[in-house]
Amino acid sequence: MNIRFAKLAVASAVLSIAGMAAAAEPIKIGVAGPFTGGSSSMGVSMRDGVRLATEEINKAGGVLGRKIQLVERDDEAKNERGVQIAQELINKEKVTAVVGYINTGVALASQRFFQEAKIPVMNNVATGSVITTQFKDQPENYIFRNSAHDSIQAPMIVEEAITRRGFKKVAILADSTNYGQLGRADLEKALEAKGIKPVAVEKFNIKDVDMTAQLLKAKEAGAEAVLTYGIGPELAQIANGMTKLGWKVPMVGSWTLSMANYIDNAGPGGEGARMPQTFIQEPTTPKRQSFIINYLKTFNPKNARIDSPVSAAQGYDSVYLLAAAIKQANSTEGPKIKAALEELKAPVEGVVTTYNKPFTANDHEAITANIPVFGEVKGQRVVYAYPDDFKKASEVRLKDASAKGTPVVKK
């Protein structure tokens, strides 16, 4: 009899240890973005922001008593590579959720696999307006975002160029990717709303190094400013092309004009470019100060300048949003995490904003039009374009679904 009880005790202990081991298994979160190539300043900054948040969460005990384990993959800004990674993350790595996506085309090609698998995706950089509505005809949507989509940015760009600065004739230069062409369409729509037609609409390809033909058409059409949708290397070629032609007009474009490989490759010719930003590298709140200090200490970027501050901040915030949902759901099951994201009960203090009920079942966009401000390239870094925005930067702008540019601030 004693032997039997001893065996039962051993069996019970083994089961208990196995249960503890299972409970301690890490929560796998996929991280997908371009860590090499022309988009890499965004991708690496995003990844490093994600790493920083993950380290903080794990040091604090993780989520549900489990550590977060990042499964990082370089999609090289290629749609086909993004598709391969999506399938690997789902079938081999068995991830609980995914953060990332820098390029709109890669996001649109890849996230359908996560939608089918009922795995939440938190887009933290890609801005194509259609990203979160790609599956609007389906009963459930697993695609979320905490970056400022192009339907916010394009009207801001037009407002800056036409209303604030008084330009009457503008040209649009956009790259040939999904990102560039969807953004161009958003710009044309925003201009049309003000009764203005661009004097020139020109396209260029990734890796193009000569923008002379496009710029000459804009110049000959009398453009007083150039509105852009592209990424850093090619945007730098636009600025450099203007310098070569001896024709310098203001550049106002999407947030990507803040990329390090625009600023560095354009040099003096890139100064003065303006773009919407959800985050500018200034310690304007204690949370932002802590983030900047820890990021610079951990990753030691060149000239103490984050290559893509927006990408880093949004990457950081995206992990905290997912962690809050997993904790609230008390589960790593996709449908339960999705449901928790759509009804987050506790505010999540982020770098960009404090996320207070950032999502609903019908609204998967955390950022609204009142949150971004305008940045300007000055002295080889991005600063606040308007002193008033800098003065008020300590007041955290909160989500306002009805916002038309009037900020709702948290004192």
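Student: By class, how many nonpolar, polar and charged residues does the lining of the second largest pocket have?
Tutor: The lining has eleven nonpolar, twelve polar and five charged residues. Ala, Val, Leu, Ile, Met, Phe, Trp, Tyr, Cys and Pro count as nonpolar, Asp, Glu, Lys and Arg as charged, and the others, Gly among them, as polar. The model is predicted: local features need pLDDT of at least 70 and side-chain atom pairs count only at pLDDT 80 or more, whereas totals for chains, interfaces and linings use all residues. Residues are numbered from 1 along each chain as its sequence is written, and side-chain values use heavy atoms, with hydrogens and water left out.

Student: What volume does the second largest pocket have, and which residues are closest to its centre?
Tutor: The volume is about 460 Å³. Ser 39, Ala 77, Asn 103, Ile 206 and Ile 231 are the closest to the centre, out of 28 lining residues. On a 1 Å grid over the protein atoms alone, a pocket is an open set of points with protein on both sides within 12 Å along at least five of seven lines, a cavity is a set where a 1.4 Å probe fits but cannot get out, and lining residues have an atom within 4 Å of a point. Points are joined across faces, edges and corners, and a volume is the space filled by probe spheres set on them.

Student: Which helices each supply at least two residues of this lining?
Tutor: They are H4 (104–117), H6 and H8 (232–245), and H4 gives the largest share, three residues. Helices (H or I, at least four residues) and strands (E, at least two) are DSSP runs, numbered from the N terminus.

Student: Why are H5 and H6 called oblique to each other?
Tutor: The axes of H5 (residues 150–164) and H6 (residues 178–193) come within 8 Å and cross at roughly 50 degrees. Axes are lines fitted to C-alpha atoms, for helices over the stretch in contact, and angles run from 0 to 180 degrees between N-to-C directions. Under 35 degrees counts as roughly parallel, over 145 as roughly antiparallel, 65 to 115 as roughly perpendicular and the rest as oblique. H5 and H6 are therefore oblique.

Student: What is the handedness of the crossing of H5 and H6, and which residues meet?
Tutor: Asp 150, Ser 151, Ala 154, Pro 155, Ile 157, Val 158 and Ile 162 of H5 meet Tyr 179, Gly 183, Asp 186, Leu 187, Ala 190 and Leu 191 of H6. These residues divide into nine nonpolar, two polar and two charged. Contact means heavy atoms within 4.5 Å.

Student: What makes H10 roughly perpendicular to H11?
Tutor: H10 (residues 286–299) and H11 pack at an angle of about 105 degrees, with axes 12 Å apart. That angle makes H10 roughly perpendicular to H11. Lys 287, Phe 291 and Tyr 295 of H10 meet Ala 312, Ala 313 and Tyr 316 of H11. By class, this contact has five nonpolar, no polar and one charged residues.

Student: How many cavities of 30 Å³ or more does the structure hold?
Tutor: The structure holds three. About 160 Å³ of space lies in the largest cavity. Arg 288, Ile 371, Val 373, Tyr 384 and Arg 397 are the closest to its centre among the 14 lining residues, and the lining divides into eight nonpolar, one polar and five charged.

Student: Which residues line the second largest cavity?
Tutor: Val 125, Thr 127, Ser 147, Ala 148, Gln 153, Trp 255, Pro 276, Gln 277, Thr 278, Val 310, Gln 314 and Pro 372 line the second largest cavity. Strand E10 (274–277) and helix H11 (309–329) are the elements that give two or more residues to this lining. By class, the lining has six nonpolar, six polar and no charged residues.
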